[in-house]
There are 2 protein chains.
Amino acid sequence: MGDRGGAGGSRRRRTGSRPSIQGGSRPAAAEEEVRDVGAGGDAPVRDTDKDGDVDVGSGHWDLRCHRLQDSLFSSDSGFSNYRGILNWCVVMLILSNARLFLENLIKYGILVDPIQVVSLFLKDPYSWPALCLVIVANIFAVAAFQVEKRLAVGALTEQAGLLLHGVNLATILCFPAAVAFLLESITPVGSVLALMVYTILFLKLFSYRDVNLWCRERRAGAKAKAALAGKKANGGAAQRTVSYPDNLTYRDLYYFLFAPTLCYELNFPRSPRIRKRFLLRRGLAGQGGRLFLTQLQVGLIQQWMVPAIQNSMKPFKPSGWGRVGAGGAVPNHLIWLIFFYWLFHSCLNAVAELMQFGDREFYRDWWNSESITYFWQNWNIPVHKWCLRHFYKPMLRRGSSKWAARTGVFLASAFFHEYLVSIPLRMFRLWAFTGMMAQIPLAWIVGRFFRGNYGNAAVWLSLIIGQPVAVLMYVHDYYVLNREAPTAGT
Amino acid sequence: MGDRGGAGGSRRRRTGSRPSIQGGSRPAAAEEEVRDVGAGGDAPVRDTDKDGDVDVGSGHWDLRCHRLQDSLFSSDSGFSNYRGILNWCVVMLILSNARLFLENLIKYGILVDPIQVVSLFLKDPYSWPALCLVIVANIFAVAAFQVEKRLAVGALTEQAGLLLHGVNLATILCFPAAVAFLLESITPVGSVLALMVYTILFLKLFSYRDVNLWCRERRAGAKAKAALAGKKANGGAAQRTVSYPDNLTYRDLYYFLFAPTLCYELNFPRSPRIRKRFLLRRGLAGQGGRLFLTQLQVGLIQQWMVPAIQNSMKPFKPSGWGRVGAGGAVPNHLIWLIFFYWLFHSCLNAVAELMQFGDREFYRDWWNSESITYFWQNWNIPVHKWCLRHFYKPMLRRGSSKWAARTGVFLASAFFHEYLVSIPLRMFRLWAFTGMMAQIPLAWIVGRFFRGNYGNAAVWLSLIIGQPVAVLMYVHDYYVLNREAPTAGT
């Protein structure tokens, strides 16, 4: 009888009931109370888990076995642990593609054909334009580094530095675009990859320049202060950290260029060691994901999207486009989800582990986002962090309104989306640009009319419907232009 | 510069970093520290949310923007809020069935045909055997009540009460089974529903008898104690609660019979009022769910399962059965999931709200279950609670081992599953019984070899694969026996 209160306590962890009032001191009175506690809902109940310590001997009458509580799905319950649903999705995805996989394997053999993969990158096996472009990118990085080196020692004025950096950055964007546009032997896939590398380089060097500039400004400020008050307060705190001019080394620059972030920092947080098991798991997940992704992509494209696009080739009919939406949207969305997991979780984590890069926040919980804004702020943290640090906040500092700064961010993002799609495909349709810019009114509408789970559903819907529509626009146009089966470039 | 520490704090809520050490008291020193704090990972970072208070004027150099942290998908991060994934599943389910729904609507008109639904229940519109059976069930409830009434005042001995209750309970199980088995005019669906009502009545009256017996035992004990020590300690605590013999009223009995629980209690926790909005929402969800379920069921059965079963009619081939698994398992699983939501969340909550029944825990987070045992303990709380209170614990008290008690629970559960399937279909194949009993070795295997997310995936897999196999066994056999399209009875 005495451990009645204790038994009630073992479920308190989850349901958060108040501790029961009776201890084990007065058995008779406690027993009486148990019967008399009314509908208050905080009467002690037995632990209903089967494992372990069911108190058999003591107090064997389970007279009370209900308590005032909400169902878990009710929003009042505040319960939000649905980790299992994630596993369910993975199991369902694998299961529903297992048959397809087996059938394809039997019918066509292994579809992951290295020759075919290579042919996506190369038309002429003796010239590797995309790879050459990527190698050439080093020149721009070195150029930026040399400018910074001279700026640090004062060999260049700030104005000259700004000019040189501006020319360098502009070239980074224009040079590969011109090459990709003019060179016939480059394939769309190779072109996209090369342009992506250059875009990342652009963002990284922009950040590199900004941070070094801030360091110089701060050094100037600190010197002025040090002249006023001669003491410094950093006793033992300066443990192996790099301060401004010492960071300008090739080693530091290339660490930053390969690190999974777009924001430069003098002292990146570092993980203590390379966890081999972690790397293996991420690596396997990456490999498995890539294989699975390839298979899924091929399967989905073959089975769903090609018929959908062929349907859409017929003169514009609403039903035809309905089919495109239904047939193309879901597989496209699935591909995007798997791609997200593969790139943002597996790949970036594996790279970070290899480089002992400590900050693994490559995404936040965008799947819970209840507004479009929250989604864009959380699905791609490296880019979001860059935009915030080097675009949004500097604009605010220069006196822009928040609205203008936000629109500016979306404009920049829209530009880069268009840049990465139009140039490789050699078509200027502005679908990607429009799609990105449409996010601003969309965000307003969703934020205005939807809340909570409905807002979340609206975000999902805009993802499932919106993104594939833009992709299919390009695929459709490319297909029409080239009159052949689209390559998996977009 | 002064609110640097504060800005770092605004994200602490989620990532749980330690509070930063510097306040706003010594601006110069604090600034120095910010630069000098090493790779410790708890340096203050800016709030990266775009909304609200970006501190534009103060300290405009974001020199540090990374921190030591894990990705959310990593198990180390401890993050488990995937509520959005649940919404994703709902959106995907609706989307992927919307086209099917529209096409079916255009092709066949509204499929929710009341005549057809009625024909599931009735062969002969002038005799309603299932409904009659349900009405007759009242007799048994009244019989149990009368026995208790006499036991309370001592007009019956405990032995006679036990005997009468035993006869009553045995009749509750045998009488409808005999009727359903022998009466030709009853349909399988009507028969299943009637047997379900009787099974629930059996469990409820079993609990009713047990609790009243415990109350009598306690009354005897309390009297003995009261004779020893004359004082009672329940001053103002007895607020409107019912104690033993007063609970024996028809009102109380019928409240219990309609309440969404199987465990009798003298004083159920009551919710303060009927929330009309809640009821409306659950009611709508229930109605919507039912409509959607019907549509989905019809669609899934038409499109996936019938071809799968027809394939399985061909002489046993592994590939044929593979198709059954792939074609039948997923829609069957989806139907089960929607059915679960509809019954356990919508219906039971609506009933509970109407009856002001306070305990809404009809299910726990079985979707996160990492072992088969956890799943069975948490997906159906009313039944689990009953088994624990009236079967498992009494067995333990009588000295059974835990293993024997657990096996006993599974045996009883297997019996009732078989009872509810075999009699309406008039086939005794023991698939359901075997399926339930197979859970014991399965639980051992899963518990032995799988942990964490892998265990969860194994549970899902056993649900997605296992349950439909049993269902399809019956459907297949019924189909073979009756040489016609199966009704949606199982």
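## Basis of the model

Residues count from 1 along each chain as its sequence is written, and chains are lettered from A and ligands numbered from 1 in the order in which they are written. The model is predicted: local features need pLDDT of at least 70, side-chain atom pairs count only at pLDDT 80 or more, and totals for chains, interfaces and linings use all residues.

## Confidence

The predictor gives the complex an ipTM of 0.71 and a pTM of 0.72. Helix 9 (residues 250–258) of chain A has the highest confidence, at 93. Helix 1 (residues 4–9) of chain A has the lowest, at a mean of 35.

Residues 1–58 of chain A stay under 50. The model still has 86 contacts beyond four places in sequence for them; a contact means that two C-beta atoms, placed from the backbone, lie within 7 Å. Residues 315–320 of chain A are also below 50, with three contacts beyond near neighbours in sequence. Where pLDDT is low, the predicted coordinates should not be read in detail.

## Fold of chain A

Chain A has 17 helices and zero strands. Both are DSSP runs, numbered from the N terminus: helices are H or I, at least four residues, and strands are E, at least two. Of the 490 residues in chain A, 33% are buried, that is, with 20 or more other C-beta atoms, placed from the backbone, within 10 Å of their own. Among contacts in chain A with a separation of 6 or more, 71% join residues 24 or more positions apart.

## Domains 1 and 3 of chain A

An automatic or database assignment sets the domain bounds. Chain A has domain 1 (121–225 + 242–258), domain 2 (280–359) and domain 3 (363–489). The centres of domains 1 and 3 of chain A, taken over C-alpha atoms, are 25 Å apart.

In chain A, 14 residues of domain 1 contact 11 residues of domain 3. On the domain 1 side, helix 7 (158–182) and helix 8 (188–228) of chain A each give two or more residues. Helix 8 of chain A supplies the largest share, 11 residues. That side holds 10 nonpolar, three polar and one charged residue.

## A bent helix in chain B

Helix 13 (residues 381–397) of chain B bends by about 40° at B:Leu388. The bend is the angle between axes fitted to the seven residues ending there and the seven starting there. B:Leu388 is itself buried. Other buried residues of this helix include B:Trp386, B:Cys387 and B:Arg389. B:Gly399 follows the helix, with a positive phi near 95°.

Methods: Buried ≥ 20, exposed ≤ 12 C-beta atoms within 10 Å, placed from the backbone. Nonpolar A, V, L, I, M, F, W, Y, C, P; charged D, E, K, R; others polar. pLDDT = per-residue confidence, 0-100.
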